[in-house]
Amino acid sequence: MGKWRCPVVIYAPYGAYLPGGGIWHSQSSDGILAHIPGINVLVPTTPADTIGLFRTALSLDMPSLILIPKHLMRERHERRQVSPVPLGQANIVRSGKDITLVAWGNTVQLATMAALQAEKNNIDIEVIELRSLVPWDKQRIAESLRKTGRLIVVQEDTRTASVGASIVADLLDENDNFFSLLAPPRLVTREDIHIPFNPCLEKAVLPGTDDILASVYAVMS
């Protein structure tokens with residue numbers, strides 16, 4: 001046991017929010033892939049994180065799967081020196097004291113936009129970019145939850161048996177986290193439905209900034 005090595009890295013385009021992909025090109029498969037034991041599942045949000053996760057994954061003796069949100073392939077960024085990103089280390093995009101808002105992939109930008117909008121109503125949101133789904137940074141999110149007392153997880157995938165649902169369940173399995181809650185946790189997600197081909201219908205089924213803000217105001221009420 002433990003002696004077999006499989007140093008392989010696979011990367012693939014991932015997710016929706018680019019109209020016209022439909023059921024074949026806009027699905028979020030992170031939940032399915034996270035169910036496979038022994039594989040690291042990584043979802044960068046920026047080009048720097050993408051390079052950093054690649055460097056880490058290439059140094060390992062186990063398989064890693066890097067899911068790259070397709071919008072990253074259509075954006076230009078300045079080149080800069082980047083360092084390897086440790087697996088299981090989330091990134092705090094912005095600090096806050098009222099709500100812990102966890103996101104990854106395409107939903108990080110939505111979460112940040114929602115946090116900026118909520119700030120106008122004196123709601124201070126801490127946005128945490130997960131980056132690594134397997135393994136995930138339970139410690140950093142738990143520390144944030146115990147500080148804010150409120151938890152919202154935003155994901156592009158479907159609700160049932162999802163990464164987001166697992167994060168909520170794992171966090172609340174510990175008494176320190178559970179008794180820190182000032183409001184029930186919320187999961188902002190696509191419901192159990194395929195991505196439609198029609199752009200208007202795609203937008204309707206995917207989580208958006210308004211959906212996140214609705215959960216923000218719900219946990220603050």
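## Thr107, a buried residue

Thr107 is buried, as its relative accessible area is 0%; buried means under 20% relative accessible area, exposed means over 50%, and partly exposed lies in between (1.4 Å probe, protein chains only). Thr107 belongs to helix α4, residues 107-119. Helices (H or I, at least four residues) and strands (E, at least two) are DSSP runs, numbered from the N terminus.

A polar atom of the Thr107 side chain lies 2.7 Å from the backbone oxygen of Trp104. Apart from neighbours within four places in sequence, Thr107 is in contact with Tyr17, Val154, Gln155 and Glu156, where contact means heavy atoms within 4.5 Å.

## Basis of the model

This is a predicted model, in which local features need pLDDT of at least 70 and side-chain atom pairs count only at pLDDT 80 or more, while totals for chains, interfaces and linings use all residues. Residues are numbered from 1 along each chain as its sequence is written, and side-chain values use heavy atoms, with hydrogens and water left out.

At the interface, 28 residues of domain 1 are in contact with 25 residues of domain 2. Domain 1 and domain 2 bury about 2200 Å² between them, with 51% of it on carbon and sulfur atoms. Buried area is the accessible area (1.4 Å probe) that two parts lose on being put together, summed over both.

Across this interface, 12 residue pairs are in polar contact, both residues being at pLDDT 80 or more. A polar contact is a pair of N or O atoms within 3.5 Å; within protein, one must be able to donate a hydrogen and the other to accept it, and residues adjacent in sequence count only if both atoms are side-chain atoms. On the side of domain 1 that touches domain 2, the elements giving two or more residues are α1 (22-25), α2 (30-34), β2 (40-42) and α3 (47-58). By class, that side of domain 1 has 14 nonpolar, 12 polar and 2 charged residues. Here Ala, Val, Leu, Ile, Met, Phe, Trp, Tyr, Cys and Pro count as nonpolar, Asp, Glu, Lys and Arg as charged, and the others, Gly among them, as polar.

## Salt bridges

The whole structure holds 8 salt bridges, each being a side-chain nitrogen of Lys or Arg within 4 Å of a carboxyl oxygen of Asp or Glu. Between domain 1 and domain 2 the count is 1 salt bridge. Arg131 and Asp49 form a salt bridge with an N to O distance of 3.1 Å.

Another pair is Glu119 with Arg94, whose closest N and O atoms are 3.3 Å apart. Glu119 is in helix α4 and Arg94 in strand β4 (residues 91-94), 25 residues apart. Glu119 counts as partly exposed because its relative accessibility is 41%, while Arg94 is buried at 16%. Lys97 and Asp98 also meet in a salt bridge, at 3.4 Å from N to O. Lys97 is exposed, with a relative accessible area of 52%, whereas Asp98 is buried at 11%.

## Asp176, an exposed residue

Asp176 is located in helix α7 (residues 175-178) and counts as exposed at 56% relative accessibility. The C-alpha atoms of Asp176 and Pro13 are separated by 38 Å, the two residues being 163 residues apart along the chain.
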